[in-house]
Amino acid sequence: MATDLIKSSSQAQSLGNGVPLATGQIPSVVAELLGAISIIDIHTHLFAPSFGKLSLWGIDELLTYHYLEAELFRSSSVTPEHYWSLSKPAQAELIWKTLFVENTPISEATRGVIAVLKAFGLPTDISALGEARAFFQSQTLGSHMQRVMQLAGIDSIIMTNDPLDPEEFPIWLTGVPPHSDFHAVLRLDRILNTWPDHWQAVAAQGYAVDASASGKSVAEIRRFLADWAKRMSPVYMACSLPDTFEFPSDSINGLLLRDAVLPTCREFKLPLSLMIGVRKQVNPRIRLAGDAAGRSNLRALESLCLAFQDNRFLVSVLSRENQHELCVYARKFSNLMPFGCWWFLNNASIVEEITRERIEMLGTSFIPQHSDARVLEQVIYKWANTRRTFSPILAENYRLLSEDGRGVTRADIQRDLDRLFRSNAESWMDLRPRS
Ligand code: RAT
Ligand code: ZN
């Protein structure tokens with residue numbers, strides 16, 4: 001054992017792992033190690049292949065991503081109603097023509113499609129759609145998925161699984177075979193946010209609940225959550241919450257959170273992911289693209305972290321204005337793990353700002369990013385963008401540290417990247433393959 005340690009430390013020395021880097025070397029070493037690390041993607045909307053048509057991939061799905069649909073309606077006179085009446089290939093063609101042919105694809109979401117085409121060696125010019133379609137049609141999902149994950153530099157994909165989604169829950173009831181790269185998450189939005197619209201779906205699964213969550217409903221919802229936790233083996237439970245979220249609260253949301261969700265998380269030793277600040281359907285005409293963002297009062301989060309110290313909270317906030325407060329709360333509560341630059345924040349300029357303040361305030365004790373991918377190949381561009389934005393920020397912090405008197409080694413950088421992109425997630429979630 002001792003000899004092994006001596007051997008590995010001398011190997012490290014000979015690889016330069018233990019020698020402080022010259023400040024000029026730091027950026028390239030950070031870029032190299034960040035390029036090589038295999039990342040755990042802690043929040044996506046992707047599905048393992050066994051979920052069949054819920055697993056989205058290919059050029060038509062990429063082009064009809066709701067981030068691009070929102071952009072379509074800004075650059076085309078097509079009405080949402082007409083757009084929704086089209087077939088998926090026709091929708092994809094309209095978005096291609098509008099955003100990629102008639103306009104230059106310089107937005108984050110349009111550039112992403114270009115980066116995916118390039119990653120597969122496909123043309124990116126105006127005539128590319130036909131060739132891209134032929135390419136994706138010739139792929140088989142299993143091997144294509146492996147290639148995509150390798151190109152993205154990720155090895156674990158954490159899904160979003162809704163036990164009340166009419167298309168998804170029957171698949172779980174027939175049995176989902178474990179997949180070594182995919183992990184489940186028990187998503188609670190329909191239960192916590194829109195109980196009056198969904199209690200009947202819970203009742204239809206055999207639980208004695210009512211519209212106002214009264215009487216034995218809470219106990220029954222706990223039984224529902226426990227049954228689904230056993231069925232899915234989730235790595236955490238999750239809910240997105242409006243900017244108006246309050247806690248404590250006498251609302252159904254507050255009651256179910258306190259008396260059903262948090263106790264079940266404790267029972268199954270699961271963190272709860274709260275994604276706070278979404279304003280759902282401010283423009284329902286554009287469907288999934290119709291949600292917006294709002295600043296939240298994070299005193300609600302303070303109350304949760306303080307009152308439930310045996311629960312762990314993975315938290316992302318959608319408003320730029322809430323980011324600094326989130327870091328402050330993470331400094332107060334070790335049961336709070338900030339994660340990701342969510343949705344409208346996942347743009348280089350904002351990611352840069354958020355990441356800088358997180359490093360300055362939290363060191364490496366946060367999870368910098370998740371992809372939120374809905375279409376498989378999106379992980380390629382989203383993680384490339386994260387690496388591209390993150391690398392100079394980390395290098396800059398190491399340069400400052402070196403100048404302040406503490407040399408930085410390759411081993412330091414490797415350890416920090418491991419923590420940020422892997423072990424912070426691994427220590428909060430059980431990512432062992434389920435049997
Ligand atoms: O980023 C998105 O795709 C959003 O539509 C949401 O799905 C969000 O990420 C969420 O998980 O609620
Ligand atoms: Zn999401």
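Which residue in strand 5 is the bridge partner of Leu186? Select Met237, for this is the residue of strand 5 that pairs with Leu186; strands here, like helices, are DSSP runs numbered from the N terminus (strands E, at least two residues; helices H or I, at least four).

Before going on, note that this is a predicted model, in which local features need pLDDT of at least 70, side-chain atom pairs count only at pLDDT 80 or more, and totals for chains, interfaces and linings use all residues. Residues are numbered from 1 along each chain as its sequence is written, and side-chain values use heavy atoms, with hydrogens and water left out.

Next, select residues 237-242, strand 5, where 5 of the 6 residues are buried (under 20% relative accessible area, with exposed over 50% and partly exposed in between; 1.4 Å probe, protein chains only). Strand 4 (residues 186-187) runs parallel to strand 5 and is joined to it by 2 bridges, while 6 bridges join strand 5 to strand 6 (residues 272-279), also in parallel; strands count as paired if DSSP finds at least two bridges between them. Within strand 6, Val278 is the bridge partner of Pro242.

Then move to Asp162 and Arg190, whose side chains meet in a salt bridge at 2.6 Å, N to O (a side-chain nitrogen of Lys or Arg within 4 Å of a carboxyl oxygen of Asp or Glu). Asp162 is buried at 12% relative accessibility, whereas Arg190, at 24%, is partly exposed.

Finally, select Arg187 and Asp189, which form a salt bridge with the closest N and O atoms 2.7 Å apart; Asp189 is buried at 14%, and Arg187 is buried at 11%.

How values were computed. Chains are lettered from A and ligands numbered from 1 in the order in which they are written.
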